[in-house]
Amino acid sequence: MQKELPKELLITIDRILKPEEGYKAPETNIQDALNELFPDEDSLGQINVIQEQLKQQREALQAEVQSLAEILKKEQDPERMGRIQELIFALLAQMNRIREKATESEAIVRAITKDIQRLDYAKKNLSLSMTTLKRLQMLVNGLEQLDIYVRQRSYTQIAQTLAAIKELSNFFKPYSAIERIAAVWKRVQQSQGVVRGLVEEDFDAFLLKDPSKPIANSVVADSCLVIDVLGEEVRNHVIERFCAMELKDYRRIFRPTDEAGQLDNISRRFSWFRRIINLHDEEYSNVFPESWNVGKVLCAKFTETTAEDINTLLTRLGPKLTVTTLLESLQQALDFEAFISRKYGIQLSDVINNTSRGNPSRAISVVFEKHMGVFVEAQDRAIADMTAGWRMPTRASLEESTPKEEDAHAVLQSSGDLFYFYGQTLEQCAKFTTGRPLFDLFLIFRKWLKVYAGQWYLITVKVPLLLIFEIEEFLLQALRRKEPVAKDRKSSETRYSALEQRDVCRILNTADYCHRTALQLEDKVRDKVDRALEDKITMQPELEAFLGVISTAIGLLLRDLEISTDPFFTSMTRTSWTSIDTVTGQLSYVLELARTVDACVDIIKSSIEQKKYLRNFYDKASSLLITKFTNGMVRSRPLHDTGAEQMLLDFQTLKACLLRMPSTGEPDSIPSTYTKAITKQAVQVETILKVVSAPVDPQEPFIMNYIILIGDSSFSNFQKILDLKGIPGIAQNNLLDHFLATTSTKDDLPSTSFLSALDMDPGTAQITTRPSLTDSGTNTPRSGTPGITTPKPTERREVFSDLRRLVTFATRAGGKKVDHEEVN
């Protein structure tokens with residue numbers, strides 16, 4: 001039979017016999033070729049030489065092409081190609097004949113070896129049959145020997161023989177359908193049952209210690225070898241029976257309903273078992289194989305029984321369970337578990353898991369976990385009693401706890417007491433359990449930290465009932481009492497005394513200490529609690545509460561500073577600035593203002609511990625005072641030229657006072673960032689006063705000075721300067737017209753500047769509002785430009801006092817627009 005050639009071979013042959021006729025010339029870039037022949041202008045003089053060279057190359061190529069065409073013509077001779085195809089077909093025919101011969105040879109070889117294969121199968125079956133018969137004979141002989149050893153109770157021989165029988169019987173499992181083998185298999189099972197009954201009988205006699213039928217330890221030790229051969233099920237049954245016999249008296253003596261089984265006698269339970277386990281090691285260590293772990297199983301069974309009894313007792317006690325009884329019993333259980341761990345070198349939980357047959361039992365200490373709520377509630381009550389004296393402190397108690405000058409950085413002692421109690425309670429609870437009770441204790445910690453910080457609580461129960469109550473506490477109670485009351489703002493009695501200022505700073509330091517220590521407490525609890533509860537450990541609300549106390553304290557200090565400086569800013573607005581003819585030095589109000597600020601800052605600087613809170617106070621205080629000075633400047637108008645110069649000199653005194661606030665007397669004690677911030681705030685007030693102090697006559701230099709210093713084209717802003725100078729109406733109109741004419745030709749000037757936000761009608765109310773004692777923030781001026789909010793760049797606010805000014809401005813603006821259109 002002729003087979004087809006492979007497809008790949010046919011494709012290759014076809015490619016040889018029918019070559020592709022198409023040819024694709026390579027792409028040639030004429031420009032690149034010309035650039036190569038004529039790289040520069042001088043090479044153009046060789047054009048004739050190059051042309052001759054190209055002609056010679058063309059002729060050489062034509063000759064080569066003609067030669068190749070002749071060779072190709074010879075190679076493509078039809079007769080020659082026909083002969084090649086005939087040879088290829090002959091080669092293919094010969095390959096097919098060889099393939100047919102190979103197939104025939106394979107068939108002949110199979111026929112020759114068929115008989116040999118049949119003989120091999122016969123030999124294999126014969127060998128298997130002989131082996132089976134031999135093993136069957138061995139099995140039958142083994143059963144007969146086993147019967148003899150059983151009658152003699154020779155457990156050593158029984159163990160060896162039974163092991164061999166079980167191994168041989170496994171070989172005959174596939175042949176159990178054969179009647180003879182099925183009978184032998186049944187006899188094997190019966191023999192194992194007889195051996196098991198014999199072993200269990202001797203074990204019972206050994207455990208009961210029947211004097212009429214004494215059993216030697218060596219006999220029981222040999223029987224353990226037989227039990228290992230019988231299998232794991234028999235071994236487990238024997239161990240379970242042994243443990244039940246050993247713990248029979250324990251269950252009778254320490255029943256939960258009897259006096260000996262009560263929680264106050266829990267130590268007797270563990271003492272009894274210690275005696276039993278020691279007796280077991282002495283009497284049975286040479287009886288049971290070490291691999292059986294009988295001692296560990298006995299511990300596990302005792303633990304299981306004891307855990308059930310203690311759980312029953314704890315549940316029965318219910319609300320009568322005391323913390324002392326709970327902790328003493330739990331400590332006894334932990335001591336026992338530690339004893340077992342030391343004895344076997346592993347944890348009790350591992351002992352239970354390694355010896356359990358099914359669902360592992362619980363450790364004894366685990367039973368106490370769901371009853372640890374008694375401990376948690378006791379700690380809750382203890383903290384409540386501890387904080388009872390802090391929530392309504394008296395003036396005398398505060399004065400007694402007020403630190404001396406050399407200890408100004410001290411915090412309230414109550415905070416240290418609270419966190420010390422937290423640490424002790426946490427360690428005690430973690431020693432007993434790291435599960436849910438520890439997390440519940442952490443929630444108690446959070447609750448009383450909120451109480452200590454003075455937060456509101458919303459308690460939502462499952463029924464549709466919302467209970468809202470306020471918890472009065474020490475920190476914010478103290479701040480409420482420290483809050484300055486400005487019934488009569490002229491009276492110096494509304495100010496804080498130095499002692500009261502230090503009290504507020506102490507509260508701030510205490511809140512900072514609580515914030516830092518609460519973070520450490522959170523990390524410590526997270527390290528101790530179970531991994532499943534680790535993600536739930538957070539004190540973020542409490543940390544924010546203490547930050548709120550800090551913010552409130554800073555707000556109270558700022559409000560006290562504002563009340564202290566109000567009389568001097570009132571004196572500033574009552575000064576007749578227009579009657580000042582010459583500038584001879586700072587006025588008395590600003591000198592007193594600087595002394596008051598210095599005295600207040602010195603107390604706060606020496607009382608607040610953290611530099612970041614001092615910097616926060618400095619920033620807000622400087623912004624507050626510059627804002628009040630700006631408002632006083634506006635309310636003091638008209639200023640006139642000399643009055644503005646005098647006010648500028650006074651402002652320099654205030655600026656110097658603000659710049660030295662962070663100073664500690666050491667070089668480089670004032671941060672450069674603080675100096676830059678104060679300078680940035682002060683430069684705007686200085687700029688306004690410099691413009692106001694400039695003479696208005698002649699008008700052109702005055703307007704140019706405004707444009708250079710203020711840098712905008714705002715009509716309303718320029719009018720604010722005129723109002724501050726006190727320019728009368730007619731002169732003011734002329735200046736405004738001149739200003740419009742000047743700025744209409746300056747397209748690059750912005751329409752707004754910092755002056756756009758200057759309030760020309762500031763109120764007389766305090767800038768710092770009363771701090772909210774339940775919020776986390778305070779209403780204080782923002783650091784940056786004091787009293788001025790930067791308008792949007794696109795905002796343009798123009799104010800016209802009469803119709804004529806409006807018409808003049810519209811006419812000039814319209815002409816300016818026409819000029820632009822003509823230019824475009």
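**Chat notes**

A: Just after α26, G711 takes a positive phi of about 80°. Helices here are DSSP runs of H or I, at least four residues, numbered from the N terminus. This is a predicted model: local features need pLDDT of at least 70, side-chain atom pairs count only at pLDDT 80 or more, and totals for chains, interfaces and linings use all residues. Residues are numbered from 1 along each chain as its sequence is written, and side-chain values use heavy atoms, with hydrogens and water left out.

Q: Which residues of α26 are buried?
A: In α26 (residues 699–709), F702, I703, Y706 and I707 are buried. Buried means under 20% relative accessible area, exposed over 50%, and partly exposed in between (1.4 Å probe, protein chains only).

Q: Where do they sit around the helix?
A: They line one face of α26, because seen down its axis they fall within an arc of 135°. The arc is that of the directions from the helix axis to the C-beta atoms.

Q: And what covers them?
A: The cover includes α25 (672–693), α27 (715–725) and α28 (729–743).

Q: New topic. What is Y422 in contact with?
A: Leaving aside neighbours within four places in sequence, Y422 is in contact with I383, I444, F445, W448, L449 and L521. Contact means heavy atoms within 4.5 Å.

Q: Back to helices: where is L34?
A: L34 is in helix α2.

Q: Is L34 buried, exposed or partly exposed, and why?
A: L34 counts as partly exposed because its relative accessibility is 45%.

Technical notes: Helix = DSSP H or I, 4+ residues; strand = E, 2+ residues; numbered from the N terminus.
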